[in-house]
Amino acid sequence: VLVLHSGGGVMTAEAISHNAARIAVSGPAAGAMAGAFFARQCGFDNAISLDMGGTSADISLMYGGEVRVANEWSVEFGYPIMFPSIEIVTIGAGGGSVAWIDAGGSLRNGPQSMGADPGPAAYQRGGEEATNTDANLVLGRLNPAGLLGGAMPLDRDAAERAVTNRVAAPLGYDTVRAADAIIQVANANMADAVRLISIRRGYDPRDFCLVAFGGAGSVHAAHLARELDIPAVVIPPYPGITSALGCLLLDVRHDLFRTYLTTADRASSAALEAEFARLEGEARDRLAIEGIEGDRVQLRRLMDMRYVGQWRSLTVPVSTPLEENLDASLERFHAEHEREYAFSDRDQTVEIYGVRVIGLGLVDKPEFPKLDTKTGLDTARTGERPVYFSESGGFLDAAIFDRLALPAGAAFDGPAIVEQMDSTIVVPPGWQAEVDDYGNIVLRLRA
């Protein structure tokens with residue numbers, strides 16, 4: 001039995017029993033790692049992952065093929081956890097998030113959520129608040145016949161009443177304009193969260209793709225990407241279970257750290273090498289107890305560095321042999337400091353704060369089948385319906401496609417809606433969708 005932990009890996013149940021804090025916030029970490037996997041599968045080394053479900057949206061970032069990690073973080077009321085964790089920004093934005101009018105008369109969205117029960121008004125379970133799901137149904141983006149392949153019916157009239165009573169009437173809008181405003185506020189909230197993990201960290205969203213999953217992620221993804229000037233969107237084959245699938249893509253992982261204080265100009269390569277060797281030996285021992293040895297063991301070295309006088313450090317990779325690559329690690333620190341904080345000072349003394357070793361025990365991964373390329377696009381088209389797009393000023397007839405029937409290599413332009421059991425993909429006008437060999441759908445904004 002392997003247990004997921006927040007560092008983007010798994011441990012045996014026995015190991016977790018000695019490191020219980022590692023499983024805090026571990027669920028979103030699986031989504032972050034899955035998003036990174038599907039981005040790489042589509043040829044992207046830089047990706048922002050959006051896991052949008054019923055109550056929240058979890059956002060993470062991969063740069064240069066590596067998912068961003070936080071070494072210090074906290075839970076609940078600021079209780080610190082010092083184990084490395086995938087860095088995730090979470091906001092209250094999901095299909096069940098409630099639209100409401102504040103005391104100043106402004107439209108808000110979330111963080112309150114109707115959850116699954118009673119859920120959105122359209123679920124016919126007693127909910128009366130206007131949610132993102134209700135707004136998307138009013139705009140024609142969700143199938144009025146229902147979700148889950150029609151197994152979960154939706155009540156469009158109930159959705160319209162909720163949007164009208166809770167938003168349109170107080171603002172003096174018509175129902176469609178109110179529904180569009182609800183979605184625009186939700187997208188703006190998520191765009192702000194993306195900026196927190198990208199621009200605030202020194203990354204330009206234009207250099208990334210957006211990987212969208214969760215039941216609601218692919219409904220909002222293209223409009224969110226356009227807001228941030230992100231040029232491409234990746235939708236994995238099964239968005240609703242992508243986070244769960246991430247658990248099958250992870251290796252056994254142990255993160256070991258030891259404080260080691262010295263300045264870089266006085267650092268002894270031999271002493272540092274001895275510290276790394278001790279941590280590597282401990283990592284090998286832990287993996288051996290879990291039955292992982294030989295070529296299934298991978299070890300990575302990192303070092304925490306900071307300018308003298310600072311308390312916040314940055315972690316940079318360390319290559320071997322250490323003696324020949326210490327200057328390269330120092331240069332990586334300066335470059336990373338420039339990106340993160342918009343300045344660096346190569347004349348300033350750098351302090352080494354600690355050494356880290358990541359011990360990976362490689363496990364077998366699932367193989368993903370390739371799609372059939374024999375069928376034509378016409379067999380996947382099931383009809384069309386009017387869908388509202390504010391960028392076009394009204395409703396447009398959008399082609400409806402059954403995702404499971406789309407062959408590899410299929411390409412089509414928006415406006416279009418792609419439906420499957422666990423999610424819906426909105427392809428706005430001005431975007432093109434293409435299906436790759438593994439069933440990922442990549443959306444690109446046309447020039």
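Predicted model: local features only at pLDDT ≥ 70, side-chain atom pairs only at ≥ 80, totals over all residues.
Residues are numbered from 1 along each chain as its sequence is written, and side-chain values use heavy atoms, with hydrogens and water left out.

Let me start with the charged pairs. Side chains of opposite charge can pair when their charged atoms come close. The structure holds 28 salt bridges, a salt bridge being a side-chain nitrogen of Lys or Arg within 4 Å of a carboxyl oxygen of Asp or Glu. One of them joins Glu 340 to Arg 68, with the closest N and O atoms 2.9 Å apart. Glu 340 lies in helix α9 and Arg 68 in the loop between β5 (66-67) and β6 (69-70), so this pair ties together parts that are 272 residues apart in sequence; helices (H or I, at least four residues) and strands (E, at least two) are DSSP runs, numbered from the N terminus. Both Glu 340 and Arg 68 are buried, where buried means under 20% relative accessible area, exposed means over 50%, and partly exposed lies in between, with a 1.4 Å probe and protein chains only. The two residues also belong to a network of salt bridges that links Arg 68, Glu 87, Arg 201, Glu 336, Arg 339 and Glu 340.

Glu 273 is in helix α8 and Arg 301 in strand β16 (residues 297-307), 28 residues apart. Glu 273 is partly exposed, at 30% relative accessible area, whereas Arg 301 is buried, at 9%.

Now to the spaces. On a 1 Å grid over the protein atoms alone, a cavity is a set of points where a 1.4 Å probe fits but cannot get out, a pocket is an open set with protein on both sides within 12 Å along at least five of seven lines, and lining residues have an atom within 4 Å of a point. Grid points are joined across faces, edges and corners, and a volume is the space filled by probe spheres set on the points. The second largest pocket holds about 620 Å³ of space. Of its 31 lining residues, the closest to the centre are Tyr 123, Leu 147, Leu 148, Gly 215 and Asp 422, and α6 gives the most to the lining, with 4 residues.

Leu 148 sits in the loop between α3 and α4 (156-171) and, at 42% relative accessibility, counts as partly exposed.

Where are the cis peptide bonds? One joins Gly 110 and Pro 111, and another joins Thr 320 and Pro 321, each with omega of about 0°. Pro 111 lies in strand β12 (residues 107-113), while Pro 321 is in the loop between β17 (314-318) and α9 (322-341).

I will end at the surface, where Leu 404, in the loop between β20 (394-402) and β21 (411-413), is exposed at a relative accessible area of 67%.
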